[in-house]
Amino acid sequence: MKIKEKKYGLSSLIITGIIFLTLSFFSLFFLTRLQKEESKALKKEKYLENPTNFISRKNQIDIIRDDINSIYSDSILSIHLSSINSQPTVIYVYKDSLYGRKRDDKFFLHVFLNDSINLLNAKNFKGGLNLDFLPTQVDSFRIDNRPHYVFRKSLEHNGYKGKTIDIAKIAHINTGRYDQGLGRSLEIKNLKLDNVSPLEISNNLPKVSLIISEKSFRKIREKRARAINTGILLTGEEDLVNCKVSLDDSEKIDAKMRLKGDWTDHLIHQNKWSYRVIFEDEKTLLGIRKISFQHPKVRNYLWEWLFNKVIKDNNIIGLRYDFVNLELNVKHLDSVEKMDIGIMAYEESFDKILIENNRKREGVILAFDESLLWKDRELQSRMGLELSSKSNQLQTIQNAPIKVYNENKVLSDPKLSKQFTIAKGLLNSLRKGEMKISDVFDIDKLTMFVALTNLFGGSHGLIDHNLRVYFNPITNKLEPISFDSYSGLKLNKISDYPFLKDDIIYNEKLVEKLKIVCDPNFIRDFIEKHSNELSELSLNLQGEFGKNLDLTILEYNSNFIKKMLNPSDAIVSDLIEYNDEEMLVEIKNLSLFPVEIIGLQHKDGKSLNEKFEDNIISPNESQTITFRLKESFVNVFVSKKNKIGEFRYPKDLKKIKLKYSILGLDYPRENIINPFGKSKNLTTLLKNYKKLNQPNFQNFEFVEYRKKNKEIIFKSGKYILKETIVIPMHHTLIIEKGFALSLIDNASLISYSPIVAKGTHEHPINFKSTEGSYSGIFVDNAKKLSTLNHCSFFNLSTPKTDIWELSGAVNFHESKVSIENTIFERNRSEDALNIIRSEFYISSTIFKDTQSDAFDGDFVNGEINNSKFLNSGNDGIDVSGSEIKISNIFIKSPSDKGISGGESSFIHGEEIQIVDGEIGIVSKDLSKIELTDVKIENVRLGLSAFQKKSEFGIGVINTKNLTQVNNEVDYLIENKSVLTIDGIPVETVSNNVIDQMYGNEYGKSSK
């Protein structure tokens, strides 16, 4: 059928010309920008980095510039009257800004008529029609570089015959803004419409007329009302009603029609309801046998049109999607009610004609049947239930039946029926994971479809129940059909086709296609190809919707895709270990796509490893790859100093690059290898670490659990411990007198609760370990005081795992402890007793034959009295950042220092005797030691004070009643540090005392 030509008035032609020039400039600006970007890309293969700002969206109220059809104007607001598709419309235009009550207040609009005859009930309206409305939609644009904000309200009212108000009948209008709680913020009265000739903004779209009986339209209205009530539209064959359809007033064609859509966005507009029309006897409209009419907004206006054009340009099946002026004619007994619905989008449905129009051999079209999903949603909504009440069985794609379009024809045709069986089997195997996407689909077409979907921001079309597929009987492959993409949105992620699972072929092909579609040349070409049609359609839609196609979306999405293809870092790699023959590297893929590992390369470009296979790493996957090194590997790292080829870790690791590429891209990338060694046994190590926090005390024969009192009892007797025992928090560990435990096979005692171990002289509590076993005791973060009395700790080492080790044989961390009448003997550790960040009390205790320090206190506060420190392998008493009181202390033969205070410690006390050994007393690094009644005998160096660490300062020792007998040197005091004997300072000697300590001249080497 031939579309009739429309005639336009002068004003319409002027407006059309203005808009055409605007869009031409817009397209030219966009294409010029793309050409510049293309030129940049030729110079260096880099991605778009700077955003492009195109001219703002502009609607068709250019008449505002010339103040045409103005019924009110001031410095802030102007009000105009226009006619959009024969619908009188009041247009409010705010200038410069829109905020506060100008943005949020409701509009009141009261229309007073010259004659109330046309009102259904004049008494109810008192001569005026109330058209108050909420400001739900605002359009913004610029005129002469000045921002404008536009609200619109059509002049129609249910109380007026025919609904549309006749402008000639209007006496005046009262309007303004108000808030129910705040009153009116704007009031304008008695607006006259004298000398106003509403400007008709028309278009050249074809006109489609639907003719339907009053009874049939009532059925449609009732169906719509039920759908609005539940929020979901369910349709079936029973909803079809008879109608006739004509194009531009030509021959009327018999058809059937019903409402369409799932959500009520297809129905909420006052008259733009979505319809499905099916023609009889092989008749067609616009070449289509099954056609849908819907508000352009449900497919995002022009975006669906452009998307389908580009889809078909790339040999993918797309729908015919365009726009018409739709008119609905309802036949009454003695009249026809004409309803100008305005511009509607039409969309082709799924049948043989769709396939033929895409130049394909006839084949079946399949989809996942949505009926289970929508019925469950409708019931959920009707029952007033929340989203959590949905049925996971009914709404999952795994259970959705597979349907075929034109079922009767397909099932009755042996050839098509066989195709359906094969295609259905492929889809079922795909969703069950029995086959991969690349097995069942034409992978080139599918990945191009997915790439274009991402470029256009149309991921709505990739939702599983929106999928439509065609079975190509020639290739025996499935092909995607574009449907309901809702394009034109900015990307926030790359969307994939459903059912993707570890399909390397799909991923590689998708990368290739994404690279194609984000190329500025590609975008420029299709915009240029469709620019004339696009400009004309933009003009046609401007009048009613004020919508322009914001092509900056394509540039944004192009840049987003490029960033995903070329991330700043696609992998991270860590060296695990190496030797002369191989290098083990752990590599994690941080990108969205599989990466191909190429090999190791010296910074000068020389390959360092032999060829290898299995070098593909999937997204979010980590692999440990063993690179077999070439025999010439070390020759690349020749030392300039001695001219010898030698790989020197970690220095030379910086010269090695790990070469890789994102699978599907044809250019390699480089990555450094982090020199932080990772353990091959990390999983095992972490399991062992986890055991440290997992209580297991109930697994041992010597344990009794009194759950009510939260007491864990170690029963009296002799036992062997072969694995570490862990005591949980919020309990008390009670060790009975006479308990003896031999720790072997690196077993330790770890407690997160206080220990109460009260032995007696006759029945002490004993802990010992075998030689070579890393065994010890650790109390951590116990909330109450631990008590040790008449205990013995013999030959212990340290609590230790592969990734965790303490320094003491017995350790208390952030746990108060009292120790009396106890012996620490022959302990094979850095400290026999290590107390950290805790309060403590030690009395009548012996430290004997310790491998290193006897007592080490870090950031502690406590007291030691009546105790002996014999034959320490390092220091007798060593504290840092602490304050302790000591009295009646005997120290014999320390290998380093008898008493050592460091890092701002304060030690004070009395009755101290140090005999034999290396050094008596040392104060360093802002520490202060004050002692009375001190005797130091037969040591190499009696007392020393100095600064060891630059971040601290001098050391101070103040003594009273000091006796030194037979020492090689009585004292060695650094300049600025202090030693006083009975209040008299002694002479300092040098600024480098530390150079004589730690095994250089005195004490034990700290190396």
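Rings of Phe, Tyr and Trp (its six-membered ring) pair if their centres lie within 6.5 Å. In this predicted model, ring pairs link Phe 700, Phe 702, Phe 714, Tyr 719, Phe 739, Phe 767, Phe 793, Phe 824, Phe 847 and Phe 869 into a cluster.

**Aromatic pairs**

Across the whole structure, a search finds 35 aromatic pairs. A pair of aromatic rings is described by the distance of the centres and the angle of the planes. Two pairs are set out below.

| Pair | Centre to centre | Angle between planes | Class |
|---|---|---|---|
| Phe 633 and Phe 647 | 5.4 Å | 50° | tilted |
| Phe 847 and Phe 869 | 4.8 Å | 5° | stacked |

Take the tilted pair, Phe 633 with Phe 647. Both residues belong to the loop between strand 26 (622-628) and strand 27 (656-662), and they are 14 residues apart. Phe 633 has a relative accessibility of 3% and counts as buried, because buried means under 20%. Phe 647 is buried as well, with a relative accessible area of 12%.

Now the stacked pair, Phe 847 with Phe 869. An angle of 5° between the planes makes this pair stacked, because planes under 30 degrees apart count as such. Phe 847 lies in strand 48 (residues 846-848), and Phe 869 lies in strand 50 (residues 861-870). The two are 22 residues apart, so the pair is described as linking distant parts of the chain. Phe 847 is buried, at a relative accessible area of 0%. Phe 869 is buried too, at 0% relative accessibility. Both residues are also members of the ring cluster.

**Lysines over tyrosine rings**

Two lysines sit over tyrosine rings. The charged end of Lys 490 is over the ring of Tyr 556, 4.7 Å from the ring centre. Lys 800 lies over the face of Tyr 774, and the distance to the ring centre is 3.9 Å.

**Helix packing**

Two packed helices are described by the angle between their axes and the distance between the axes. Helix 13 covers residues 520-545, and helix 14 covers residues 552-565. Their axes come within 11 Å and cross at roughly 155°. Angles over 145 degrees count as roughly antiparallel, so helix 13 and helix 14 are roughly antiparallel to each other. The crossing of helix 13 past helix 14 is right-handed. On the helix 13 side, Pro 520, Ile 523, Phe 526 and Ile 527 make the contact. On the helix 14 side, the contact is made by Leu 554, Ser 558 and Lys 562.

Definitions and conventions
Residues are numbered from 1 along each chain as its sequence is written. This is a predicted model: local features need pLDDT of at least 70, side-chain atom pairs count only at pLDDT 80 or more; totals for chains, interfaces and linings use all residues. Side-chain values use heavy atoms; hydrogens and water are left out. Rings of Phe, Tyr and Trp (its six-membered ring) pair if their centres lie within 6.5 Å; planes under 30 degrees apart count as stacked, over 60 as edge-to-face and the rest as tilted. Helices (H or I, at least four residues) and strands (E, at least two) are DSSP runs, numbered from the N terminus. Buried means under 20% relative accessible area, exposed over 50%, partly exposed in between (1.4 Å probe, protein chains only). A charge sits over a ring if NZ of Lys or CZ of Arg is within 6 Å of the ring centre and within 35 degrees of the ring normal. Axes are lines fitted to C-alpha atoms, for helices over the stretch in contact, and angles run from 0 to 180 degrees between N-to-C directions. Angles under 35 degrees count as roughly parallel, over 145 as roughly antiparallel, 65 to 115 as roughly perpendicular and the rest as oblique. A crossing is left-handed if the near helix is turned anticlockwise from the far one by less than a right angle, and right-handed if clockwise. Contact means heavy atoms within 4.5 Å.
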